[in-house]
Amino acid sequence: MRASRLLSTLLLLQTRGRMTAQELADELEVSVRTVYRDIESLSVAGVPVYADRGPTGGYQLLDGYRTRLTGLTTDEADSLFLAGMPGPAAELGLGTVVATAELKMLAALPPDLRARASRIRERFHLDAPGWLRDADEVPFLAEIADSVWNEHVVEIRYRRWKTPREVTRRLAPLGVVLKAGTWYLVALAGNDVRTFRVSNVLAVQALDERVDRPADFDLAAFWQDWAGNFEVRMRAQRARVRLSPDGVRMLPHFIGRQVADLVTATLSEPDPAGWVEAIVPIETVRHAHGEFLRFGAEIEVLDPSELREMVTSTISKLSGIYSPPPDRPE
């Protein structure tokens with residue numbers, strides 16, 4: 001651990017120039033006293049590091065000195081694919097490895113390319129989670145990622161939405177996917193490739209059995225196909241509605257582009273006022289109730305009757321809330 005920290009200190013000074021003891025301590029997540037000891041050790045080892053005193057001072061290497069100890073370890077090389085995603089890398093347990101790999105790469109670059117790489121990092125940042133919601137707690141993500149990488153079969157205890165709520169599954173992990181801040185495990189369950197939300201995993205046990213990974217499995221292609229059809233698969237029921245011209249324009253914003261395309265394909269000829277009938281795939285009557293209320297007066301539910309009655313009841317209650325009482329003038 002100390003040897004790795006000494007190398008990181010050396011590479012930091014090589015790539016960034018003069019740094020104060022506090023800056024080094026913050027970067028390496030150690031105390032300033034530890035930085036003092038590390039600098040002394042580097043100096044004893046023959047590294048030409050010196051200190052400038054004063055408010056603008058700090059530690060730096062003798063001009064022209066460059067270490068050649070920039071070779072990447074196997075883990076660091078593997079982690080480079082996550083170099084632009086510090087948050088997800090940390091969740092996978094690779095935060096420190098990614099930082100060290102980046103540092104070694106910067107140290108190996110000539111000064112002009114190093115400056116360009118630093119500018120890119122300063123100007124572009126990926127923030128994966130979506131707005132207005134907390135990130136999922138994923139305490140078993142690192143164990144799952146390790147089983148994916150090392151191709152170990154796992155047994156998980158999983159919480160799902162239907163009964164029985166908790167189940168045990170024996171899985172052959174094939175990959176992990178980060179979608180809008182949510183982690184998913186893609187795995188073989190028997191002969192079927194399925195997805196599992198990592199935040200719903202309650203326990204993980206890696207088994208000695210190795211994964212027999214399908215030779216033709218493409219994680220990116222599978223996910224694109226699965227995600228593209230997910231919302232449509234969830235909407236197994238149908239509702240018949242009337243939509244105003246504005247309601248038709250609202251469809252992609254309120255139910256998503258892919259489902260909106262399905263609805264658009266069912267549009268009838270417009271009546272004299274421009275209203276059309278359409279068939280809308282829905283998850284459940286209750287879910288559709290909330291979804292359709294977002295359209296305001298630009299939609300009328302025709303079928304199923306249960307949904308129409310539910311929307312009518314809500315509108316009646318809203319009318320009662322917003323209508324002025326009899327003793328108050330409008």
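1. Of the 330 residues in the chain, 34% are buried. The model is a predicted one. The accessible surface of the chain is about 20500 Å², and carbon and sulfur atoms account for 53% of that area.

2. The chain has 13 helices and 10 strands. Taking contacts between residues at least 6 apart in sequence, 61% of them join residues at least 24 apart.

3. On the aromatic side chains: the count of aromatic pairs is six. The ring centres of Y158 and F196 are 5.3 Å apart and the planes meet at 90 degrees; angles over 60 degrees count as edge-to-face, so this pair is edge-to-face. The pair connects distant parts of the chain, with Y158 in strand β3 (residues 152-159) and F196 in strand β6 (residues 192-197), and the two residues are 38 residues apart. Y158 and F196 are both buried.

4. F217 and F222 make another aromatic pair, with 5.8 Å from centre to centre and 45 degrees between the planes.

5. Y184, W223 and W226 form a cluster linked by ring pairs.

Methods. Residues are numbered from 1 along each chain as its sequence is written. This is a predicted model: local features need pLDDT of at least 70, side-chain atom pairs count only at pLDDT 80 or more; totals for chains, interfaces and linings use all residues. Side-chain values use heavy atoms; hydrogens and water are left out. Rings of Phe, Tyr and Trp (its six-membered ring) pair if their centres lie within 6.5 Å; planes under 30 degrees apart count as stacked, over 60 as edge-to-face and the rest as tilted. Helices (H or I, at least four residues) and strands (E, at least two) are DSSP runs, numbered from the N terminus. Buried means under 20% relative accessible area, exposed over 50%, partly exposed in between (1.4 Å probe, protein chains only). Contact means heavy atoms within 4.5 Å. Accessible areas come from the Shrake-Rupley method with a 1.4 Å probe; for residues, only the protein chains shown count as cover.
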